Amino acid sequence: MRVASAGRGRRLFGQCGACHTIGKGAGDRNGPNLFGIIGKPVGGGSTRFGYTGSLLRAGGVWSPDRMDLWLAAPAAFAPGTSMTFPGLPDPLDRADVIAYLQAASR
């Protein structure tokens, strides 16, 4: 049985890297920097990024479970979001990306 792999998540994050950075102190692109995103407020990970109202209304903080829902289908998680990424249908792909987000934020 395969478990989440941060290494595989790093490779999968390549498609996220078109819009997001993950380095500590790195700037935002078309999406916010994701360094340390787990545990930060939904719609509040970057003080410089302009989040959509739909994401701000989602409220709460990014937990692995909430990130899984977001990565599965961003438009379903926050209807009206400006993120056009359709999502990752494979739960193991999502687990890998979440493992990478956590590992890269240390």
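Me: Trp62 and Phe77 in this model, buried or exposed?
Reply: Both Trp62 and Phe77 are buried, where buried means under 20% relative accessible area, exposed means over 50% and partly exposed lies in between, with a 1.4 Å probe and protein chains only. This is a predicted model, in which local features need pLDDT of at least 70 and side-chain atom pairs count only at pLDDT 80 or more, while totals for chains, interfaces and linings use all residues. Residues are numbered from 1 along each chain as its sequence is written, and side-chain values use heavy atoms, with hydrogens and water left out.

Me: Which helix is Phe77 in, and what is its relative accessible area?
Reply: Phe77 belongs to helix 4, and its relative accessible area of 16% makes it buried. Helices here are DSSP runs of H or I with at least four residues, strands are runs of E with at least two, and both are numbered from the N terminus.

Me: What is Phe77 in contact with?
Reply: If its neighbours within four places in sequence are left aside, Phe77 is in contact (heavy atoms within 4.5 Å) with Val42, Leu55, Ala58, Trp62, Arg66, Leu69 and Trp70.

Me: Val42 is in that list; where is it found, and what does it contact?
Reply: Val42 is found in the loop between helix 1 and helix 2, and at 5% relative accessibility it counts as buried. Its contacts, again leaving aside neighbours within four places, are Leu55, Ala58, Gly59, Gly60, Val61, Trp62, Arg66 and Phe77. Val42 and Leu56 are 14 residues apart in sequence, with their C-alpha atoms 6.6 Å apart in space.

Me: Switching to aromatics, how many pairs are there?
Reply: Rings of Phe, Tyr and Trp (its six-membered ring) pair if their centres lie within 6.5 Å, and planes under 30 degrees apart count as stacked, over 60 as edge-to-face and the rest as tilted. By this rule there are five aromatic pairs. In one of them, the ring centres of Phe13 and Tyr100 are 5.4 Å apart and the planes stand at 50°, so the pair is tilted.

Me: Where do those two sit in the chain?
Reply: Phe13 is in the loop between helix 1 (6-12) and helix 2, and Tyr100 is in helix 5, so the pair links distant parts of the chain, 87 residues apart. Phe13 is buried at 7% relative accessible area, and Tyr100 also counts as buried, at 13%.

Me: And Trp62 with Phe77, what kind of pair is that?
Reply: The rings of Trp62 and Phe77 have their centres 5.4 Å apart and their planes at 20°, so this pair is stacked. Trp62 lies in the loop between helix 2 and helix 3 and Phe77 in helix 4, so the pair ties together parts that are 15 residues apart in sequence. Trp62, Trp70 and Phe77 form one aromatic cluster.

Me: Which residues of helix 3 are buried?
Reply: In helix 3 (residues 64-72), the buried residues are Met67, Trp70 and Leu71. Seen down the helix axis they fall within an arc of 95°, so they line one face of helix 3; the arc is that of the directions from the axis to the C-beta atoms. Asp65 and Leu69, on the other side of helix 3, are exposed.

Me: What does that buried set pack against?
Reply: The buried residues of helix 3 pack against helix 2 (53-58), helix 4 (74-77) and helix 5 (91-103). From helix 5, Ile98 touches Pro64, Met67, Asp68 and Leu71, not counting residues up to four places away in sequence, and at 6% relative accessibility Ile98 counts as buried.

Me: What about the largest pocket, how much space lies in it?
Reply: About 520 Å³ of space lies in the largest pocket. Of the 29 residues lining it, the closest to its centre are His20, Gly31, Pro32, Trp70 and Met83. A pocket is found on a 1 Å grid over the protein atoms alone, as an open set of points where a 1.4 Å probe fits, with protein on both sides within 12 Å along at least five of seven lines, and lining residues have an atom within 4 Å of a point. Grid points are joined across faces, edges and corners, and the volume is the space filled by probe spheres set on them.

Me: Which helix gives the most to that lining?
Reply: Helix 3 gives the most, with three residues.
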